[in-house]
Amino acid sequence: MKSKSLGVLRIVVMVSVVGVFTSSRAQDFPSEIFHEGKVVLDSEDTISGKIKYDLPNDLIEVITGNVVHTLTARKILNFTIFDKTVDMFRTFYSVPYNREPNYKVAMLFEVLYEGRLSLLARESIVQETVPQYSYYYRSPYNLSRPRLSYEYFFLDRKGNFVKYNLKKAELLNIMDAREPQIKQYIKKNRLKVDSRRDLIRIVTYYNSLLGG
């Protein structure tokens, strides 16, 4: 009887562990679902419908009626969606970017803030390993789960692109025109230079110092 109870308990523990992993995928990521939106093509024509984006491959799918259109970044000027997962509108632009020296390709970027210095982002889904501890087995184990990962870029009005590597010194160098004020603003508000939300706050403040 004791052996049977132990076996049942082990099953419960294993189901609980699997449940933790399953719950991490209970909700789809924004790039995995279709959103209501509008696309402006390079011809300046507009298409409205349900949109699903794929930033790693720089393309989108648009459903209009019963037809699915697949559009690469080269055929797009921009598109806007209403993302129900965050309950907000999001806008993406197709921008020429130097993937290699002297070689530009059209890539899709989300505009997080637009101004004299704009903040853009690209997202992807990555697998991360999270250390866990089993109190039943009294041993650690690793849990693999997907999460959203972001790359950030700055774009000025001259068309200069800078990829931001989430370092404070690098950020201050990019914003050297107002470095003392930015440094004080970050410290006073306890902002993190690798946080999406805080970066938007910092860029918004920087642009306000420049007058837009």
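**Reading a pocket, a hairpin and some rings**

Reader: Which residues line the second largest pocket?

Author: Y93, V95, V111, E114, G115, S118, L120, L155, D156 and R157 line the second largest pocket. Please keep in mind throughout that this is a predicted model. As a general idea, rolling a probe the size of a water molecule over the atoms shows where empty space is left. For this pocket, the volume comes to about 170 Å³, and the elements that give two or more residues to the lining are β6, β8 (117-134) and β9 (139-156).

Reader: How many residues of that lining are nonpolar, polar and charged?

Author: The lining of the second largest pocket divides into 5 nonpolar, 2 polar and 3 charged residues.

Reader: Turning to the strands, how many bridges join β6 to β7?

Author: The general idea is that in a regular strand the side chains alternate between the two faces of the sheet. In this structure, 8 bridges join β6 (residues 88-100) to β7 (residues 103-113), and the two strands run antiparallel.

Reader: Which residue in the hairpin of β6 and β7 takes a positive phi?

Author: Most residues other than glycine have a negative phi, and most peptide bonds are trans. In the hairpin of β6 and β7, where 2 residues lie between the strands, N102 takes a positive phi near 60 degrees. L166, in the loop between β10 and α2 (168-174), also has a positive phi, near 65 degrees. In the loop between α3 and α4 lies R190, and its phi, near 55 degrees, is positive as well.

Reader: Are L166 and R190 buried, partly exposed or exposed?

Author: L166 counts as partly exposed, because its relative accessibility is 33%, whereas R190 is exposed, with a relative accessible area of 76%.

Reader: How many aromatic pairs does a search of the whole structure find?

Author: A pair of aromatic rings is described by the distance of the centres and the angle of the planes. A search of the whole structure finds 12 aromatic pairs. One of them is formed by Y97 and F161, which are edge-to-face, at 5.1 Å centre to centre and with 85 degrees between the planes. This pair links distant parts of the chain, since Y97 belongs to strand β6 and F161 to strand β10 (residues 161-164), 64 residues apart. Y97 is buried, with a relative accessible area of 15%, while F161, at 21% relative accessibility, counts as partly exposed.

Reader: Why is the pair of Y185 and Y205 stacked?

Author: The centres of the rings of Y185 and Y205 are 4.0 Å apart and their planes stand at 10 degrees, so the pair is stacked. Because Y185 lies in helix α3 (residues 179-189) and Y205 in helix α4, the pair ties together parts that are 20 residues apart in sequence. Y185 counts as buried at 17% relative accessibility, and Y205 as partly exposed at 24%.

Reader: Which residues do ring pairs link into a cluster?

Author: Ring pairs link Y97, F109, F153 and F161 into a cluster.

Reader: Finally, what does the side chain of N207 reach?

Author: N207 lies in helix α4 (residues 196-210), and its side chain reaches the backbone oxygen of V203 at 2.8 Å. N207 is buried, because its relative accessible area is 0%.

Key:
Residues numbered from 1 in each chain as written. Predicted model: local features only at pLDDT ≥ 70, side-chain atom pairs only at ≥ 80, totals over all residues. Heavy atoms only, no water. Pairing = 2+ DSSP bridges. Helix = DSSP H or I, 4+ residues; strand = E, 2+ residues; numbered from the N terminus. 1 Å grid on protein atoms, 1.4 Å probe; cavity = no way out; pocket = protein on both sides within 12 Å on 5 of 7 lines; lining within 4 Å. Points joined across faces, edges and corners; volume = space filled by probe spheres on them. Nonpolar A, V, L, I, M, F, W, Y, C, P; charged D, E, K, R; others polar. Buried < 20%, exposed > 50% of the residue type's maximum accessible area, 1.4 Å probe, protein only. Polar contact = N/O pair within 3.5 Å; in protein donor to acceptor, adjacent residues only side chain to side chain. Phe/Tyr/Trp six-rings, centres within 6.5 Å; stacked < 30°, edge-to-face > 60°.
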